[in-house]
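I opened the model today to look up a few residues and the sheet around them. My notes follow in the order in which I checked things.

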Amino acid sequence: PQCALYVFQPILVDSRLAGVFVLKQAIAPLVIEYQSLTGSDLGILIPADDELDQALPERGVRVAALTHASMLTPMLHHLTTMRHKQLEHLADEIHSWKGRSFAIQQIPLRDLVQGEGTALVISDVSAQLRHINNAARDGVLLAAAGLLVAETLLLLLMNFPLRHLRRLADTLPLLAEGAYAEVRDQLMAAKRPGRWRDEVMILDD
């Protein structure tokens with residue numbers, strides 16, 4: 001049987017019913033057009049007439065229309081039967097199926113038209129998740145590289161003052177021995193002419 005949406009609009013003439021204007025839209029072309037425009041798959045699930053008509057047996061519904069049905073119908077069957085997922089809970093997480101990741105949005109048909117059933121918007125988010133994972137990995141690598149560069153620069157900046165302090169610590173014991181001339185000679189020999197002077201250089205003076 002063909003599934004279709006119908007809109008009925010009464011035609012009134014002199015406040016009397018003169019006829020009914022009927023619009024019909026087949027479901028199959030609608031979901032195909034939606035998929036071509038948005039890139040997301042669309043499925044329409046409606047109550048099944050009998051058990052033989054049920055595509056998702058544990059949920060009592062059949063698939064009225066679904067783009068890429070050969071791949072997505074087994075996925076929906078797996079989610080709703082093997083994993084015991086209710087239709088209304090499919091949007092709670094990202095679902096993995098045959099190496100790809102899917103996000104599913106569930107919209108009751110009563111929110112769109114006066115009818116029983118569910119519309120499922122199924123989006124392949126594999127590329128987006130891969131981009132997010134790559135961005136996170138690149139961020140960690142960049143942060144690690146920045147930390148390494150910062151530590152290297154700090155080590156280079158602290159190298160000269162630390163060597164100067166070590167040399168000063170090795171020289172100070174000579175003061176206790178009264179070898180003032182030797183202390184002065186060692187400090188003067190290690191002294192570097194420069195524009196920038198820190199506290200250690202001032203201490204040398």
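I took helices (H or I, at least four residues) and strands (E, at least two) as DSSP runs, numbered from the N terminus. This is a predicted model, in which local features need pLDDT of at least 70 and side-chain atom pairs count only at pLDDT 80 or more, while totals for chains, interfaces and linings use all residues. Residues are numbered from 1 along each chain as its sequence is written, and side-chain values use heavy atoms, with hydrogens and water left out.

I looked up threonine 118 and found it in strand 7, residues 118–124. Threonine 118 has a relative accessible area of 11%, which I note as buried (under 20%; exposed is over 50%, partly exposed in between; 1.4 Å probe, protein chains only). Leaving out residues up to four places away in sequence, I listed its contacts (heavy atoms within 4.5 Å), among them Gly43, Ile44 and Gln106.

I then traced the open sheet, whose five strands run in the order 4-3-7-6-5 with antiparallel pairing (two strands pair if DSSP finds at least two bridges between them). Strand 4 (61–66) and strand 5 are the edge strands, each pairing on one side only. Strand 6 (residues 100–108) pairs with strand 7 in the antiparallel sense over seven bridges, and isoleucine 104 stands opposite isoleucine 122 in strand 7.

Last, I checked histidine 95, which is in strand 5 (residues 95–97) and is buried, with a relative accessible area of 0%.
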